[in-house]
Amino acid sequence: MSLPAKQYHSYTYADMLLWDDSTRYELYDGEPVALASPSTTHQQISGELFRQIANNLVGKRCQVFSAPLDVCLFEKQGDQPQDVTTVVQPDLMVVCDPKKIDRNGIHGAPDLVIEILSDSSRRSDRLVKFHLYEKAMVPEYWIVDPSNHTVMVHLLQEGFYGSPEVYLPGANISVSVLDDCSINLNRVFSL
C-alpha cells in the first residue's frame with residue numbers, strides 16, 4: 001500500500017502581499033521562506049556599504065536600496081502579482097533602470113546585489129540565491145562574510161558567474177556596474 005503524494009501548494013507574489021507584515025518572507029519558485037532578523041553586526045556592515053554606495057550615487061541615475069524591499073527577480077512587463085513565484089529581499093541592491101522601481105519594490109533583476117551572510121542565511125545566500133541571481137542575469141553579486149571579514153565578488157560572464165574575486169580588509173573594491181565607485185573595506189569591517 002502506498003502513501004498518498006504530499007500536497008504542495010505553490011505561492012505567488014499576490015499571496016505574499018496578503019500575508020501578515022510582522023514576518024518577512026522570500027519566495028523561491030513558489031516556496032515561502034521566513035527570514036530571521038539581522039544582527040547588529042549585519043546592520044552595521046549593511047549601513048556602511050549603503051552609505052558608501054549612496055554617496056557615490058548622488059546626482060546619478062542609479063539608486064541603492066536596502067532590505068526589506070521585495071525584488072520580483074523574473075518579472076516581465078505585463079506580469080501580474082499572481083504570475084510571480086520568485087521574490088527575494090537582498091540586503092542591498094543597486095538599480096539603474098527607473099522602470100523597474102515602483103512603490104511595492106523592484107520588478108526585474110537589479111544591477112548589483114549584496115548579501116551579508118548570517119548563520120541563518122549562509123546556505124541560502126551561497127547556493128539558492130546565488131543560482132537565482134545568476135539565472136536572473138544580475139551582473140554583479142557580492143557575498144559579504146562578517147565572520148571572516150571577506151567579500152566575494154561574482155561577475156556575470158556569458159550568462160554565468162565565474163570564480164569570484166575575494167577581498168580582505170584593506171582592499172578597495174571597484175563596483176563594476178558603477179562608474180568611479182569603490183568601497184573601502186577597512187570602513188566596512190571596522191566594528
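In this predicted model, the count of disulfides comes to 1. The bond is formed by Cys-62 and Cys-96, whose sulfur atoms lie 1.9 Å apart. The link of Cys-62 and Cys-96 is right-handed, with 105° about the S-S bond. Cys-62 belongs to the loop between helix 2 and strand 3 (63–66), and Cys-96 to the loop between strand 5 and strand 6 (101–102), so the pair ties together parts that are 34 residues apart in sequence. Cys-62 and Cys-96 are both buried.

Cys-72 is buried, its relative accessible area being 0%. Cys-181 is likewise in no disulfide, as the nearest cysteine sulfur, that of Cys-62, is 9.7 Å away. With a relative accessible area of 4%, Cys-181 is buried.

The interior may be approached through its nonpolar residues. In soluble globular proteins, nonpolar side chains tend to be buried together. Here the largest nonpolar core has 24 residues, of which Leu-49, Ile-53, Val-94, Trp-142, Leu-178 and Ile-183 touch the most other members. At least two residues of this core are supplied by each of helix 2 (40–57), strand 5 (92–95), strand 8 (112–116), strand 9 (140–145), strand 10 (150–157) and helix 4 (185–188). Helix 2 provides the largest share, 4 residues. Apart from its neighbours within four places in sequence, Leu-49 is in contact with Leu-92, Ile-114, Ile-116, Trp-142, Val-144, Ile-183 and Val-188. There is also a second, separate core of 21 residues, which includes Leu-73, Val-95, Leu-117 and Ala-136.

Strand 8 deserves a description of its own. Of its 5 residues, 5 are buried, so strand 8 is largely enclosed by the rest of the structure. In a regular strand the side chains alternate between the two faces of the sheet. In strand 8, Leu-112, Ile-114 and Ile-116 point one way, while Val-113 and Glu-115 point the other way. Strand 8 pairs with strand 5 in the antiparallel sense over 3 bridges, and Leu-112 in strand 8 is the bridge partner of Val-94. Strand 8 and strand 9 run parallel and are joined by 5 bridges; the bridge partner of Val-113 in strand 9 is Tyr-141. Between strand 8 and strand 9 the chain crosses through helix 3 (residues 122–135), and this β-α-β crossover is right-handed.

Another salt bridge is that of Arg-126 and Asp-145, at 3.4 Å from N to O. Arg-126 lies in helix 3 and Asp-145 in strand 9, 19 residues apart, and this pair too links distant parts of the chain. Arg-126 is partly exposed, with a relative accessible area of 34%, whereas Asp-145 is buried, with 2%. Salt bridges that share partners join Glu-26, Glu-115, Asp-125 and Lys-129 into one network. Asp-79 and Lys-76 also form a salt bridge, at 3.8 Å from N to O, and Lys-76 is exposed, with a relative accessible area of 55%.

How values were computed:
Residues are numbered from 1 along each chain as its sequence is written. This is a predicted model: local features need pLDDT of at least 70, side-chain atom pairs count only at pLDDT 80 or more; totals for chains, interfaces and linings use all residues. Side-chain values use heavy atoms; hydrogens and water are left out. A nonpolar core is a set of buried Ala, Val, Leu, Ile, Met, Phe, Trp, Tyr and Cys residues joined through side-chain atoms within 4.5 Å. Buried means under 20% relative accessible area, exposed over 50%, partly exposed in between (1.4 Å probe, protein chains only). Contact means heavy atoms within 4.5 Å. A disulfide is a pair of cysteine sulfur atoms within 2.5 Å. Two strands pair if DSSP finds at least two bridges between them. A crossover is right-handed if, with the strands pointing away from the viewer, the path from the first strand over the helix to the second runs clockwise. A salt bridge is a side-chain nitrogen of Lys or Arg within 4 Å of a carboxyl oxygen of Asp or Glu.
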